[in-house]
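Hi,

Here is the structure I promised to pass on. Have a look at it first, and then read my notes below.

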Amino acid sequence: MALSSFKQCNSAMPMKRKVKIDPRIILEREQKKKKKIENELMKLERLERTLKPVDEFDSQRRLKRVASERTRENTELTREEKLKRFHLEKKWCVYSYKQYKAVCGQINQATKFAAEALAELRKESEELYVQAIQEDPSILSYSKSGPTETPPIKNYQFPDGEYNEVTKVW
Amino acid sequence: MGHVIKFSELAKALRTASAEFNRRLCKQCQNNITQQRRWFSTGPKLFGVWEPDGLDEPKFGKYTKIDIRMNGYDYVVLESFSKFMKSVSTTMDLDMKVVAIPPRTSSIKTFFENSTKVKENFSLKRYERKLRFDTILCTKFTIFLDVLRHNLPAGVDFELKSFSKEEEEFRFIPSEEKLSLLARLASLEKEKLERERRKDKF
C-alpha cells in the first residue's frame with residue numbers, strides 16, 4: 001500500500017476515475033464479439049477440410065522422383081516361359097472364379113435359410129418375429145482378431161516393455 | 001452381381017406366410033379356405049372398410065451409421081482384404097464405403113528382466129481401414145458379418161463401432177484459424193466467469 005501512495009505522489013497526471021459502464025452494454029459488446037467469432041467459424045466449416053496424408057498411398061510419390069534411375073529393361077521371355085505363364089494365369093482365373101462362386105453360394109444359402117427360419121418363426125408367434133427383425137444394440141461391442149498360425153504357448157513369460165504412441169501431431 | 005439372391009424377392013415369401021401354409025394342404029381344403037376368405041374380405045355390407053394387404057407388416061430393422069474398423073500391422077494383407085469385402089458388398093447390393101485412415105506409429109520397447117534397461121526398440125505402424133455403412137438391413141448385416149468372420153486373414157483384427165465425430169476428427173488436419181477462433185471464444189467465456197466472480201464477492 002505504501003508503494004502505491006509513493007507512486008501517486010510522483011506521477012504528474014491526475015489519475016483517471018473508473019467509469020462505471022452499464023452492465024447491459026458490457027453484455028451487448030460481449031454478445032457482438034461472440035457472434036462475430038461464431039460467424040467466422042461457420043464460414044470455415046463450409047470450406048472443405050484437408051485430409052491427413054495416408055502413409056501407404058504416399059510411397060508411390062517418392063518413388064516417382066527416382067523412377068528414371070531405377071527402371072530396368074525387360075528381358076525377352078522364351079516361348080515356353082510365355083506359354084507356361086499363360087496357362088498358369090488361366091488356371092488362376094478358374095480357381096478364383098470358383099472361390100467367388102463358393103462365396104456367393106454361401107451368401108445365397110445364408111439368406112435362404114434366414115428367410116425360411118423367419119417364416120417359420122412368424123407362424124409360431126408374431127411377437128418373437130417382430131423382435132427378431134429389430135436391430136440388436138449389443139452387436140456394437142463385437143470384436144474379433146484374425147487366426148494365428150500356432151496355438152498359444154503354455155506358460156509363456158511375457159517380456160517387460162512399454163508402448164509409446166509416436167504418431168505425428170499436425 | 002447376378003449370382004446372389006436378392007433379399008427383396010425372398011421378402012415376398014415372408015409376407016405371405018399363409019401361402020406356405022396353403023401349399024401343404026390338399027387342393028380341396030385350399031379351395032375351401034380361399035373361398036371363405038373371399039366372402040370376408042370383399043364385404044362392404046359386413047365391415048364398410050376395405051384395407052389393402054401389406055400395410056401393417058412389421059418393418060425390418062436397420063442399422064444406421066455403423067462402422068467396421070479393421071486394424072493390422074501389415075498393410076498389404078489389410079488392403080487386399082478390404083478390397084475383397086468391397087467386392088462382397090457389391091455382390092450383395094449394399095452401399096458401403098472403404099475409408100483409409102492414417103496409421104498410428106508407436107515405439108515399442110522390450111526391457112531386460114527386472115530392470116528398465118532397453119533390450120529391443122521397434123517402431124511399428126498400425127494401419128487402419130473402416131468399412132462404412134449408412135443404412136443396412138439387420139438380416140443382411142449379419143450375413144455380411146459372417147462372410148467377414150469366415151474370411152478374416154491372419155494379422156487383421158476388426159471391431160464394430162457406431163459413427164462418432166470425435167474419431168472422424170483424427171482424419172483431418174486441424175486448421176489453425178479454427179483453433180485460434182475457438183481459443184478466443186474460450187477466453188471470452190473466461191472473462192465472463194471472472195466478472196461474475198467479482199460481482200459475487202461484492
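**Helix α5 of chain A and what surrounds it**

Keep in mind that this is a predicted model. I started with the length of α5(A): at 1.5 Å a residue, its 46 residues should span 68 Å, and since its end C-alpha atoms are 68 Å apart, the two agree. The helix covers residues 79-124 of chain A. Its buried residues are V103(A), C104(A), I107(A), N108(A), T111(A), A115(A), L118(A), A119(A) and R122(A).

Next comes helix α6 of chain A, residues 126-133. The axes of α5(A) and α6(A) come within 6 Å and cross at roughly 145 degrees. On the α5(A) side the contact uses L118(A), L121(A) and R122(A), while α6(A) brings in E126(A), L128(A), Y129(A) and A132(A). Sorted by class, that makes five nonpolar residues, two charged ones and no polar ones.

Now for the two chains together. Chain B puts 77 residues into the contact and chain A 61. About 6400 Å² is buried between them, with carbon and sulfur atoms giving 64% of that area. The rule finds five salt bridges across this interface. R49(A) also forms a salt bridge with E169(B), where the closest N and O atoms are 3.2 Å apart.

S89(B) counts as buried because its relative accessibility is 0%. Leaving out residues up to four places away in sequence, S89(B) touches L94(B), M96(B) and F144(B).

Cheers

Terms used. Residues are numbered from 1 along each chain as its sequence is written. Chains are lettered from A and ligands numbered from 1 in the order in which they are written. This is a predicted model: local features need pLDDT of at least 70, side-chain atom pairs count only at pLDDT 80 or more; totals for chains, interfaces and linings use all residues. Side-chain values use heavy atoms; hydrogens and water are left out. Axes are lines fitted to C-alpha atoms, for helices over the stretch in contact, and angles run from 0 to 180 degrees between N-to-C directions. Helices (H or I, at least four residues) and strands (E, at least two) are DSSP runs, numbered from the N terminus. Contact means heavy atoms within 4.5 Å. Ala, Val, Leu, Ile, Met, Phe, Trp, Tyr, Cys and Pro count as nonpolar, Asp, Glu, Lys and Arg as charged, and the others, Gly among them, as polar. The expected span of a helix is 1.5 Å times one less than its number of residues. Buried means under 20% relative accessible area, exposed over 50%, partly exposed in between (1.4 Å probe, protein chains only). Buried area is the accessible area (1.4 Å probe) that two parts lose on being put together, summed over both. A salt bridge is a side-chain nitrogen of Lys or Arg within 4 Å of a carboxyl oxygen of Asp or Glu.
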